[in-house]
Amino acid sequence: MRVYIKTYGCQMNQYDSDVVSFLLKKEGWEIVGEWEKAEVILVNTCCVREHAENRALSRIGVWGKYKRSKNPSLLLGVMGCMAQKEGKALLERFPFLDLVVGTYRIWDIPELLKEAKNKKILAVDSTYQKFPLPDIGEGKVSAFISIMRGCNNFCSYCIVPYVRGRERSRPPEDILDEVKCLVKRGVKEVTLLGQNVNSYRGISKKKGNTYDLPDLLKELNKVEGLYRIKFTTSHPKDITEKLIYAVRDYQKVCEYIHLPVQSGSNRILSLMRRGYTREKYLSLVKKIREEIPEVSITTDIIVGFPKETQEDFSMTKELMEEVRFDTAYIFKYSPRPYTSAAKLPDDVSKEEKEERLNELLTLQKKISEEKAESLVGKVMEVLIERKEKGKWLSKTRTHRTVLVESGDNLMGRLLQVKICRNHKGILEGIPVE
Ligand code: SAM
Ligand code: SF4
């Protein structure tokens with residue numbers, strides 16, 4: 001039996017899709033890259049923004065039509081955040097769906113698929129919880145690892161705590177075992193995933209004591225054969241000096257911090273319930289750069305949050321000019337069910353949101369290109385991840401993409417390359433001795 005999995009949303013969702021693929025392969029399923037060849041299609045959904053949700057809904061509609069008109073025996077399932085949020089309503093809206101599986105039940109998908117042949121499946125609850133299995137990094141140089149799930153922060157605009165539940169941290173031993181297992185399979189770089197990795201608190205199975213993120217990084221730094229460790233996402237309110245020193249001091253931990261600021265206006269930050277001010281954020285960036293001069297800092301920004309005035313927006317723009325982020329992911333606000341911000345009037349017009357978005361995108365593009373240009377001529381360490389269109393695709397420790405030209409087989413190699421060209425923010429380099 002062949003299954004095709006379409007993934008929307010963040011790295012956490014990508015990881016969940018990897019878990020499901022791994023579990024299905026273990027049961028003899030084949031994972032295919034073309035949906036036309038599949039007997040089962042699973043859509044792993046995101047509901048963080050209305051746009052992501054609409055894309056998944058229209059895709060489900062297209063496959064529903066295909067099932068009805070061309071392939072009635074196709075099993076069509078929806079999993080992930082939107083499945084958790086909508087539950088039964090999805091089955092009612094799309095009668096052609098065979099299964100709906102929420103974020104707590106993805107581990108049961110192999111079993112649920114067997115049942116789905118005879119009846120419709122609704123597997124959405126919030127009590128059952130397992131952590132992913134190790135051993136899913138087959139054929140990869142760089143792999144994600146979930147170190148915690150859920151979130152306790154309840155930022156006023158965000159649906160994540162409602163669809164992924166409260167924070168649960170994995171025991172450090174389980175993470176270490178998973179990393180060692182991945183390294184045996186050829187993985188050289190791991191990215192630790194969590195909505196707020198700075199609040200990681202894993203209880204040791206052996207000693208019963210609690211590990212925070214720097215403690216975990218210290219242990220992972222000792223894993224032989226592992227070259228690099230990255231982590232995301234860091235919440236500005238929870239970053240500690242201990243963590244900054246860990247990034248500075250542990251050789252394998254990369255100089256890369258994703259630190260979503262969301263807004264540069266204190267009034268909006270407070271309405272967003274982010275728990276820090278513009279000044280606190282800026283002093284944090286200063287401290288990080290003092291301790292780790294080579295660091296790359298990236299961010300997320302929301303424009304058009306309720307009550308955001310032109311003045312608030314200008315403060316965000318000024319903050320971006322001051323910090324000069326390496327990359328920024330910029331989003332237009334959309335109200336999400338259950339969230340407290342959804343009770344506020346969504347009073348920034350569509351056109352205004354679009355304008356603000358474009359203004360920030362243009363600014364960030366300019367900054368990113370200037371930053372890329374400043375790297376031309378430098379020698380940087382890269383890890384080769386794969387071959388794409390005749391060139392080796394690699395990443396720096398600071399998470400920049402570098403295309404490397406070489407006739408040798410460089411797969412999985414850690415190399416020093418000289419950056420010789422910047423093409424619209426994508427760097428090109430050649431290996432040096
Ligand atoms: N946990 C991360 C953090 O605190 O920064 C972010 C998780 S969320 C999946 C990714 C990004 O989506 C957020 O940083 C925010 O910029 C954006 N986002 C979340 N809810 C949104 C909404 N209702 N409208 C627009 N963007 C939103
Ligand atoms: Fe959402 Fe805030 Fe939690 Fe991030 S920290 S997942 S933005 S509630």
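## Exposure and a pair of neighbours

A residue counts as buried when its relative accessible area is under 20%, as exposed when it is over 50%, and as partly exposed in between. In this predicted model, arginine 386 has a relative accessibility of 38%, so it counts as partly exposed. Glutamate 385 has a relative accessible area of 14% and is therefore buried. The side chains of these residues, arginine 386 and glutamate 385, meet in a salt bridge, with 3.9 Å from N to O.

## Salt bridges across the chain

Side chains of opposite charge can pair when their charged atoms come close. In this model the count comes to 44 salt bridges. One of them joins arginine 228 to glutamate 381, whose closest N and O atoms are 3.0 Å apart. Arginine 228 belongs to strand E13 (residues 228–232) and glutamate 381 to strand E17, so this pair ties together parts of the chain that are 153 residues apart in sequence. Both arginine 228 and glutamate 381 are buried.

Another salt bridge is formed by the side chains of arginine 267 and aspartate 312, at 2.6 Å from N to O. This pair also links distant parts of the chain, for arginine 267 lies in helix H10 (residues 266–271) and aspartate 312 in helix H12 (residues 310–323), 45 residues apart.

Rolling a probe the size of a water molecule over the atoms shows where empty space is left. The second largest pocket holds about 760 Å³ of space. It is lined by 30 residues, of which Gln14, Asp18, Lys140, Ser142 and Phe144 are the closest to its centre.

Which element supplies the largest share of this lining? Seven residues, the largest share, come from H1. The elements that each supply at least two lining residues include helix H1 (11–26), strand E1 (2–7), strand E7 (142–146) and strand E10 (189–193). Strand E17 (379–388) and strand E18 (391–396) also supply at least two each. By class, the lining has 11 nonpolar, 10 polar and nine charged residues.

The residues around ligand 2 include the cysteines Cys151, Cys155 and Cys158. Also among them are Asn153, Phe154, Tyr157, Val160 and Pro161, together with Gln195, His235 and Arg274. By class, this shell has seven nonpolar, three polar and one charged residues.

Most residues other than glycine have a negative phi, and most peptide bonds are trans. The peptide bond that joins threonine 232 and threonine 233 is cis, with an omega of about 10°. Threonine 233 is found in the loop between E13 and helix H9 (241–249).

Arginine 273 is not a glycine, yet it has a positive phi of about 60°. It is placed in the loop between H10 and helix H11 (278–291) and is partly exposed, with a relative accessible area of 48%. Arginine 324 likewise has a positive phi, near 55°. Its place is in the loop between H12 and strand E16 (327–332), and at 30% relative accessibility arginine 324 counts as partly exposed.

Key. Residues numbered from 1 in each chain as written. Chains lettered and ligands numbered in written order. Predicted model: local features only at pLDDT ≥ 70, side-chain atom pairs only at ≥ 80, totals over all residues. Heavy atoms only, no water. 1 Å grid on protein atoms, 1.4 Å probe; cavity = no way out; pocket = protein on both sides within 12 Å on 5 of 7 lines; lining within 4 Å. Points joined across faces, edges and corners; volume = space filled by probe spheres on them. Helix = DSSP H or I, 4+ residues; strand = E, 2+ residues; numbered from the N terminus. Nonpolar A, V, L, I, M, F, W, Y, C, P; charged D, E, K, R; others polar. Near = heavy atom within 4 Å. Salt bridge = Lys/Arg side-chain N within 4 Å of Asp/Glu carboxyl O. Buried < 20%, exposed > 50% of the residue type's maximum accessible area, 1.4 Å probe, protein only.
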